[in-house]
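Trainee: Could you take me through one part of this structure closely, going step by step from one element to the next? I am new to it and would like a connected account.

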Amino acid sequence: VTAALMSEAAIRPATPADAEALSALGTSTFLDTFVHGFGIPYPADELANDPETSFGVAATREHLFNPAQQWWIAERDGQALAFAQVGPNALPHPEADSRHAELKRLYV
């Protein structure tokens, strides 16, 4: 077993300095899962614009500055492995209200 395999991942709150890593991980995970994995036929114009809108560095940094959202990043040896994003509840559920939080993304 190599030393790299034995090192543990660390989970910490994400900061705006993590925007580039979160953007890259979000984009690749979204495309790998939903487009290539599940084969969801997203229209080409949405794929051209949506990853940048949803996962672009500027959009990610803006989300990180939003006090209503919380982000955590898991990394090993400085490499982003996963992230979680929590924000205000927007689920259409009869028992959900504005005091509740929602797990918006959990990307690994």
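Mentor: Let us begin with Trp-71, whose bridge partner in β3 is Gln-85. This is a predicted model, and in it strand β2, residues 70–76, pairs with strand β3, residues 79–88, in the antiparallel sense over seven bridges. The hairpin of β2 and β3 has two residues between the strands, and Asp-77 takes a positive phi there, near 50 degrees. On its other pairing, β3 joins strand β4, residues 101–107, again in the antiparallel sense, over six bridges, and here the bridge partner of Gln-85 is Arg-105.

Thr-60 is found in helix α4, residues 57–65, and its side chain reaches the backbone oxygen of Phe-55 at 3.5 Å. Thr-60 counts as buried because its relative accessible area is 2%, under the 20% cut-off.

Helix α2 covers residues 19–37 and reaches 25 Å from its first C-alpha to its last, close to the 27 Å expected, although α2 bends by about 25 degrees at Leu-31. After α2 comes Gly-39, with a positive phi near 70 degrees.

Terms used:
Residues numbered from 1 in each chain as written. Predicted model: local features only at pLDDT ≥ 70, side-chain atom pairs only at ≥ 80, totals over all residues. Heavy atoms only, no water. Helix = DSSP H or I, 4+ residues; strand = E, 2+ residues; numbered from the N terminus. Expected span 1.5 Å × (residues − 1). Bend = angle between axes of the 7 residues up to and from the residue. Pairing = 2+ DSSP bridges. Buried < 20%, exposed > 50% of the residue type's maximum accessible area, 1.4 Å probe, protein only. Polar contact = N/O pair within 3.5 Å; in protein donor to acceptor, adjacent residues only side chain to side chain.
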